[in-house]
Amino acid sequence: MAGTTVTEVMAELAALEDPRARAVNEKQGDDHGVNLGKLRAVAKRLKTQQDLAVALWATGDTAARLLALLVCRPKAFTRDELDTMLREARRPKVHDWLVNYVVKKSAHAEDLRRAWFADPDPVVASAGWALTTDRVAKKPDGLDLSGLLDVVEREMKDADDRLQWAMNHCLAQIGIDHPAHRARAIEIGERLEVLKDYPTPPNCTSPFAPVWITEVVSRRG
């Protein structure tokens, strides 16, 4: 599919627009109506096309940006390009895919983690926390886990929703993966009560950190 134009792709995305999908997505803050399974099928057919990905991102259209993140070459972006993209990615799904599908695969991930972690913009900071949570789980050496718990304890209760969610995930990950900090992580969660009443579908784990930690640790035996 090399040589596919932005105009052709945008027309295809427009044809996939589904009002029901848009209604569901808009409840989650995402302004597009393309079924993600169908979007992934388009990406699979297009394969990796970095120039096309850059052009799709530049449209500003949410569905186009999601497709761009699926067909791009993550390691081709410079640090400054990724920083700019993250600050432009205000829609939750675009933000999530950018961090997880692109930034985590970049050589600039750790530099950006440190830069974003304390950013005054809570949405940008949430990306720093997401990258930190990934390190807590996979490469914790060099992280100050006690210091992270200090910040969570001090700031999570009153944080912006998206930042609060990311901090809570980090809290739970510390409790799950690091037994020496588990009791404190659970105690912080119980005291702050963040997401305690979050509606959780049957057979899904609650995002309330004490429950989340206990259930995952139990499953791991």
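## Cores, pockets and salt bridges in a predicted model

In the largest nonpolar core, which has 36 residues, the members that touch the most others are Trp-57, Leu-67, Leu-69, Leu-98, Val-103 and Trp-116. At least two residues of this core come from each of helix H1 (6-15), helix H3 (36-46), helix H4 (50-58), helix H5 (62-71), helix H6 (79-88), helix H7 (92-102), helix H8 (109-117) and helix H9 (122-138). H5 provides the largest share of the core, with seven residues. The model described here is a predicted one. As a general background, nonpolar side chains in soluble globular proteins tend to be buried together.

Another core, of 29 residues, lies apart from the largest one, and Val-151, Met-156, Ala-166 and Val-216 are among its members.

By class, the lining of the largest pocket consists of nine nonpolar, eight polar and seven charged residues.

For the second largest pocket the volume is about 160 Å³, and the lining is made up of Lys-104, Ser-106, Ala-109, Glu-110, Arg-113, Leu-131, Asp-134, Arg-135 and Lys-139. Here H8 and H9 are the elements that give two or more residues, while the lining divides by class into two nonpolar, one polar and six charged residues.

Across the whole structure, 23 salt bridges are found, and the table lists some of them.

| Salt bridge | N to O distance |
|---|---|
| Glu-12 and Arg-45 | 2.8 Å |
| Asp-119 and Arg-87 | 2.8 Å |
| Lys-138 and Asp-134 | 3.2 Å |

The salt bridge between Glu-12 and Arg-45 links distant parts of the chain, with Glu-12 in helix H1 and Arg-45 in helix H3, 33 residues apart. Glu-12 counts as partly exposed at 27% relative accessibility, and Arg-45 is likewise partly exposed, with a relative accessible area of 34%.

In the salt bridge of Asp-119 with Arg-87, Asp-119 lies in the loop between H8 and H9 and Arg-87 in helix H6, so the pair ties together parts that are 32 residues apart in sequence. Asp-119 counts as buried because its relative accessibility is 14%, under the 20% cut-off, whereas Arg-87, at 35%, counts as partly exposed.

Lys-138 and Asp-134 sit four residues apart in helix H9, which means that about one helical turn separates them. Lys-138 counts as exposed, at 63% relative accessibility, and its partner in the salt bridge, Asp-134, is also one of the residues that line the second largest pocket.

Note on methods. Residues are numbered from 1 along each chain as its sequence is written. This is a predicted model: local features need pLDDT of at least 70, side-chain atom pairs count only at pLDDT 80 or more; totals for chains, interfaces and linings use all residues. Side-chain values use heavy atoms; hydrogens and water are left out. A nonpolar core is a set of buried Ala, Val, Leu, Ile, Met, Phe, Trp, Tyr and Cys residues joined through side-chain atoms within 4.5 Å. Buried means under 20% relative accessible area, exposed over 50%, partly exposed in between (1.4 Å probe, protein chains only). Ala, Val, Leu, Ile, Met, Phe, Trp, Tyr, Cys and Pro count as nonpolar, Asp, Glu, Lys and Arg as charged, and the others, Gly among them, as polar. On a 1 Å grid over the protein atoms alone, a cavity is a set of points where a 1.4 Å probe fits but cannot get out, and a pocket is an open set with protein on both sides within 12 Å along at least five of seven lines; lining residues have an atom within 4 Å of a point. Grid points are joined across faces, edges and corners, and a volume is the space filled by probe spheres set on the points. A salt bridge is a side-chain nitrogen of Lys or Arg within 4 Å of a carboxyl oxygen of Asp or Glu.
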